[in-house]
Amino acid sequence: MPLFSYGPLATERDIRLLDLLPGRGSIRCNIRHVSLSANNNYEALSYCWGAPTKKTRIFVNDAKFYVTPNLHAALLRLRDAKDVRTLWIDAICINQNDTPEKNVQVPLMRDIYGSCRRVVIWLGEQDSRTKSAFQGLEFMASRFDVGKLEEFDYGDWKRVKRGEKPGGRFLRSRQILERPVAMGAFMSIFGRPWFRRVWIIQELLLGPDPLVVCGSFQTPWETFEKADMVSSVSLDLNQHVENLRKYRKVWRDPEYTVVDHMLWGWKNSTSDPRDKLYGFMGLTSDQGVKIPVPVDYASDVGHVFLRLTMQYLLHSGNLWILGCCRGIRATGPSWILNYEYDGSADPLPESTFGWYRAFNAGGGTLRQPVFFSGDSLLGLHGHIFDTVAGVSPKPDRSPNDGTEITVTKQLRFDYTRIVNFFRLYLAARRLCKIDDERLYNPTGEPIREAFFQVLVLSTIIERREIAVPDISLLRGIFEDFDRVVVRVAGKNTTAGPALFVTYLRTILNMSLDAAGAWVFDTLYWHTDATNRRKFAVTERGYIGLAPRQAEVGDRVMLLKGYRAPVLARMVGGRWKLVGDCYLRGVMEGEAYEEERNELIWFD
């Protein structure tokens, strides 16, 4: 029997549909060509391809066709005993070996998923915990449906269903045993690869009436969202359902460009980095007007993201994308969007300083960027303002490597972050000499106050509601913390185990709040901006936070129209962007001098 051979599609609005034939035994189906503008009745499959190394044979139009085991399992489960089921499945309905066809079909995703009867989400085959997980989700969703919106920990759903209160010895014993079982069942669902895939965001947002299928179990996607709203904690450590639920409410904002969408989903994974762009192009109806970048699988990854960054800079009227630049990397221009996001080292895009509208370090209106030398050089107007004179040690990489967060990995993540914070803090207080009774010249405030304000920067830039009565109480906790940490810190202020011991000794020597929690946690909760960054001081006496890659000698630049200062490094006679930074006393344009601006070229 021959291998299946694709026939060409007649027009750019034609697609293929797969008729999954009923029966038993080998999977058999037929492909037919239809116009996307016609009234077609089909379901679109959202799934994870799975490992491509091992393939399973099916039959398409009586010819052999090979699919991944995960897709084969989905076809077996979705096949009806009596009736034909019509599906659109990317791995079969698009000729994956025909690059020109992919370039035409991928931009149609908005219409393909938007026109289907229903999106079917295939999570994979069931396991021994799937039944319990679906029962828990459906019970929690039922509480939402009847208006019982009291929140409870999802690990306690069986206790709540029985109507039990935390009670006597017997009840407590049973409840304690039930919790890890219930939580493990939920983790078996939300730890599946589907939740980490780039393409599922667009498929879920565009498709109507999404249905979740896991082996023989199925439930509407709405069940997941309702259960998440009832649970007092996120259904999973990665907050997949919570994030998707919230984004489903806002993604239609007409101000959003494809860059906004792709940076929202930057942590999701894909085997082809170009899909970090192409996987979101269907979410903006006027994509070609806002950021004119075509789908082109024939272009290499670097060129795709160079053109995207270039078009964004030319059409958006702002420079904030530079906060997500590749920086000092082995290949490619430093100013293009970082398509190799490293969750173990890079801050999330929304955590970059150029993101925040309250900042205005670069003096307002952007002057049009210019490009040279085959568009690899970016010219921006600005001036050199200062030089980095000292930095804290480079933070350790966190275990956030893009794979699913487990309880063990979360503990390692928390350990690494605490160690990094104490390493930064002890180095920063030495760099700033905060024990000196002197003023911080850029703002005229005491140096300790300036240091404190940088430390709790996340409170300021994220406009958080402070979990204490006022900033003065938070300042008091800082002073208490500083006295204790200086007293208990050992001689080794760089090694991880020694710093963790310093952390333990610090919290044990600090007081508890009225609820019995460590007051250190109140301060620590407001130091997010230090995460994955270095503390920095400059030759002119400014202090602040800098990228993880920052080094002594890096130059501080103020670019016209960019909200934050940037660090740049001369490499081989050309400027390379390191990333944006925060310097206290610069962020509102106090140091910007228009008359000093010149055209600066970045490679």
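Let me begin with Leu263, which is buried, with a relative accessible area of 3%, where buried means under 20%, exposed over 50% and partly exposed in between, using a 1.4 Å probe and protein chains only. Leu263 lies in helix α11, residues 258-264, and here helices (H or I, at least four residues) and strands (E, at least two) are DSSP runs numbered from the N terminus.

This is a predicted model, in which local features need pLDDT of at least 70 and side-chain atom pairs count only at pLDDT 80 or more, while totals for chains, interfaces and linings use all residues. Residues are numbered from 1 along each chain as its sequence is written, and side-chain values use heavy atoms, with hydrogens and water left out.

Turning to the sheet, nine strands form an open arrangement in the order β5-β4-β2-β1-β6-β3-β7-β8-β9, with mixed pairing, and two strands count as paired if DSSP finds at least two bridges between them. At the edges are β5 (63-67) and β9 (217-220), each pairing on one side only. Within the sheet, β1 (residues 14-20) and β6 (residues 85-88) run antiparallel and are joined by three bridges, and Leu20 stands opposite Arg85 in β6.

Finally, confidence: pLDDT is the predictor's confidence in each residue, from 0 to 100, and the chain has a mean of 87, with 91% of its residues reaching 70 or more. Over residues 167-171, however, the pLDDT is below 50, and this stretch has four contacts beyond near neighbours in sequence, contact meaning heavy atoms within 4.5 Å. Residues 463-469 are also below 50, with 17 such contacts in the model. Where pLDDT is low, the predicted coordinates should not be read in detail.
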